[in-house]
Amino acid sequence: QVQLVELGGGLVQPGGSLRLSCAASGITLEHYSIGWFRQAPGKEREDVSCISSTSHSYTYYAPSVSGRFTISRDDAKSTAFLQMANLKPEDTAVYYCAADLFLCNSGRGTEGSSRWDYWGQGTQVTVSS
């Protein structure tokens, strides 16, 4: 049974930082791309970032987070990370990680959220003073 568990969300002031983690079980993470998505209240889910499987060496960032967020992975620990810096109130959302064997391996970003195979339950990030 595949399981993705996000941790690290919370309340942070504008300009602050958070590090989200996505722990995977039931899959060999090195073969999978990892995507991060977010959904704010009343809005559609949007992509944030993705990192290809280890053999492809590709990362993607949405323009709204480029230069502030960093995606990484530690296959030995079967965990992916999203380091978020200089957070803004508009970053407030539930953040989800997802895994897929094929997406984010070909230089086309996340290609949307609908085709990702496995999802975590989400973690709330609130940026407010």
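A polar contact here is a pair of N or O atoms within 3.5 Å; within protein, one atom must be able to donate a hydrogen and the other to accept it, and residues adjacent in sequence count only if both atoms are side-chain atoms. With that in hand, welcome to the close-ups. The model is predicted, with local features needing pLDDT of at least 70 and side-chain atom pairs counting only at pLDDT 80 or more, while totals for chains, interfaces and linings use all residues. Residues are numbered from 1 along each chain as its sequence is written, and side-chain values use heavy atoms, with hydrogens and water left out.

**View 1**
Thr79 lies in strand S8; strands (E, at least two residues) and helices (H or I, at least four) are DSSP runs, numbered from the N terminus. The side chain of Thr79 reaches the backbone oxygen of Lys77 at 2.8 Å. With a relative accessible area of 11%, Thr79 is buried; buried means under 20% relative accessible area, exposed over 50%, and partly exposed in between, using a 1.4 Å probe and protein chains only. Setting aside neighbours within four places in sequence, Thr79 is in contact with Ser21, Cys22, Ala23, Leu29, Arg73 and Asp74, where contact means heavy atoms within 4.5 Å.

**View 2. The open sheet S1-S3-S8-S7.**
Follow the order S1-S3-S8-S7 to trace an open sheet of four strands with antiparallel pairing; two strands pair if DSSP finds at least two bridges between them. Strand S1 (3–7) and strand S7 (69–74) are the edge strands, each with a single partner strand, so one side of each has no neighbour in the sheet. From one strand to the next, the twist averages 15°; axes are lines fitted to C-alpha atoms, for helices over the stretch in contact, and angles run from 0 to 180 degrees between N-to-C directions. Five bridges join S1 to strand S3 (residues 18–25) in the antiparallel sense, and Leu4 stands opposite Ala24 in S3.

**View 3. Val5 on strand S1.**
Strand S1 also holds Val5, which is partly exposed at a relative accessible area of 28%. Not counting residues up to four places away in sequence, Val5 touches Ser21, Cys22, Ala23 and Gln121. Ala98 is 93 residues from Val5 along the chain, and their C-alpha atoms are separated by 9.7 Å.

**View 4. The Cys22–Cys97 disulfide.**
A search of the whole structure finds two disulfides, each a pair of cysteine sulfur atoms within 2.5 Å. In this one, Cys22 is joined to Cys97 with an S to S distance of 2.1 Å. The link is right-handed, with 70° about the S-S bond. It connects distant parts of the chain, with Cys22 in strand S3 and Cys97 in strand S9 (residues 93–100), 75 residues apart. Cys22 is buried at 1% relative accessibility, and Cys97 is buried at 0%.

**View 5. The Cys50–Cys104 disulfide.**
The sulfur atoms of Cys50 and Cys104 are 2.1 Å apart and form a disulfide. The torsion about their S-S bond is about 85°, so this disulfide is right-handed. Cys50 sits in strand S5 (residues 46–51) and Cys104 in the loop between S9 and strand S10 (118–119), so the pair ties together parts 54 residues apart in sequence. Both Cys50 and Cys104 are buried. With the bonded cysteines of the protein numbered in sequence order, the pairing reads 1-3, 2-4.

**View 6. Strand S9 and its partners.**
Seven of the eight residues of S9 are buried, so S9 is largely enclosed by the rest of the structure. Strand S4 (residues 33–39) pairs with S9 in the antiparallel sense over seven bridges, and Gln39 has Val94 in S9 as its bridge partner. S9 also runs antiparallel to strand S11 (residues 123–127), joined by three bridges; here Ala93 is partnered by Val125 in S11. Two bridges pair S9 with S10, again antiparallel, and Ala98 stands opposite Trp119 in S10.

**View 7. The nonpolar cores.**
A nonpolar core is a set of buried Ala, Val, Leu, Ile, Met, Phe, Trp, Tyr and Cys residues joined through side-chain atoms within 4.5 Å. The largest has 28 residues, and those with the most contacts inside it are Trp36, Phe69, Leu82, Met84 and Tyr95. At least two residues of this core come from each of S3, S4, S5, S7, strand S8 (79–84), S9 and S11. Beyond neighbours within four places in sequence, the contacts of Leu82 include Leu20, Trp36, Val48, Phe69, Ile71 and Tyr95. Another core, of seven residues, lies apart from the largest one and has Phe37, Cys50, Leu103 and Trp116 among its members.
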